[in-house]
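The sequence and structure are shown below.

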Amino acid sequence: MHTVFSAALALVLLIGGSVAPTSAQSALTKRDGQGPVAVVVTLMEATGSGIRAKVVLDTHSVALDGIAFEQAVRLRRPDGTEIAPVAVEGASGAGHHREAVVKFPAIDGATAVHIVVKDVGGIAERAFRWALPLQ
């Protein structure tokens, strides 16, 4: 009886233990779980005034304190050149969980947003892409 109860409780926690994001939010959120560090990027804004994305780094085995968002995160232009963030806001966390909002200038005529995260958790590059205009 105890085993059945434990299994049922575990199933409830896995399925209903968290609130699912809205479909619009989930469409704007991309996850890469390669290696020991999960990287989640949520595109917050892609307008004529600029591009903003929240970047979350999460792990249980690697210290993330040495990662500088201004060095690790880039916006890739259609021609392949990369742009560093013009600002990093709200950087927080330490140890195994870090996050920040990175801001980039707008790219005139772009049909997609390409954000890359480099050299995190032993993975040379993780690429995230969203088609424009955002739905």
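## Asp32 and its surroundings

Leaving out residues up to four places away in sequence, Asp32 touches Val37, Ala38, Val39, Arg126 and Phe128. The model in which these contacts occur is a predicted one. Asp32 belongs to strand β1, which covers residues 29–32. Is Asp32 buried or exposed? Asp32 counts as buried because its relative accessibility is 12%, below the 20% cut-off. Its side chain also forms a polar contact of 2.8 Å with the side chain of Gln34.

Gly33 is located in the loop between β1 and β2. With a relative accessibility of 47%, Gly33 is classed as partly exposed. Apart from its neighbours within four places in sequence, Gly33 is in contact with Ala38 and Arg126; Arg126 is also listed among the contacts of Asp32. The C-alpha atoms of Gly33 and Asp58 are 9.4 Å apart, while the two residues are separated by 25 residues in sequence.

## Overall architecture and confidence

The protein chain contains three helices and nine strands. Read from the N terminus, the order of elements is α-α-β-β-β-α-β-β-β-β-β-β. The chain has 135 residues, of which 30% are buried. It exposes about 8,000 Å², and 58% of this area is supplied by carbon and sulfur atoms. Of the contacts between residues at least 6 apart in sequence, 51% join residues at least 24 apart.

The mean pLDDT of the chain is 83, with 81% of the residues reaching 70 or more. Residues 1–22 have a pLDDT below 50, and this stretch makes two contacts in the model beyond near neighbours in sequence.

Strands of a sheet pair through backbone hydrogen bonds, in either a parallel or an antiparallel manner.

Which strands pair with β4? Strand β4 (residues 73–76) is antiparallel to β8 (residues 112–120), with four bridges between them. On its other pairing, β4 is joined by two bridges to β5 (residues 82–83), again in the antiparallel sense. Arg76 takes part in both pairings: its bridge partner in β8 is His114, and its partner in β5 is Glu82. Arg74 is placed opposite Val116 in β8. In the hairpin of β4 and β5, five residues lie between the strands, and Gly80 adopts a positive phi near 95 degrees.

In soluble globular proteins, nonpolar side chains tend to be buried together. The largest nonpolar core of this model has 26 residues, and the members touching the most other members are Val39, Val41, Leu57, Val73 and Ile115. At least two residues of this core come from each of β2 (37–47), β3 (50–59), α3 (69–72), β4, β7 (97–104), β8 and β9.

What does Val39 contact beyond its neighbours within four places in sequence? Its contacts are Lys30, Arg31, Asp32, Val55, Val56, Leu57, Val117, Val120, Arg126 and Phe128.

Thr59 is situated in strand β3. Thr59 is buried because its relative accessible area is 3%. A polar atom of its side chain lies 2.6 Å from the backbone oxygen of Pro36. Beyond residues up to four places away in sequence, Thr59 touches Pro36, Val37, Leu64 and His96.

Met44, located in strand β2, counts as partly exposed at 39% relative accessibility. Not counting residues up to four places away in sequence, Met44 touches Arg52, Ala53, Lys54 and Val101. Between Met44 and Val102, which are 58 residues apart along the chain, the C-alpha separation is 9.8 Å.

Notes: Residues numbered from 1 in each chain as written. Predicted model: local features only at pLDDT ≥ 70, side-chain atom pairs only at ≥ 80, totals over all residues. Heavy atoms only, no water. Buried < 20%, exposed > 50% of the residue type's maximum accessible area, 1.4 Å probe, protein only. Contact = heavy atoms within 4.5 Å. Areas by Shrake-Rupley, 256 points an atom, 1.4 Å probe, with all protein chains shown as cover. Pairing = 2+ DSSP bridges. Core = buried A, V, L, I, M, F, W, Y, C linked by side-chain atoms within 4.5 Å. Polar contact = N/O pair within 3.5 Å; in protein donor to acceptor, adjacent residues only side chain to side chain. pLDDT = per-residue confidence, 0-100.
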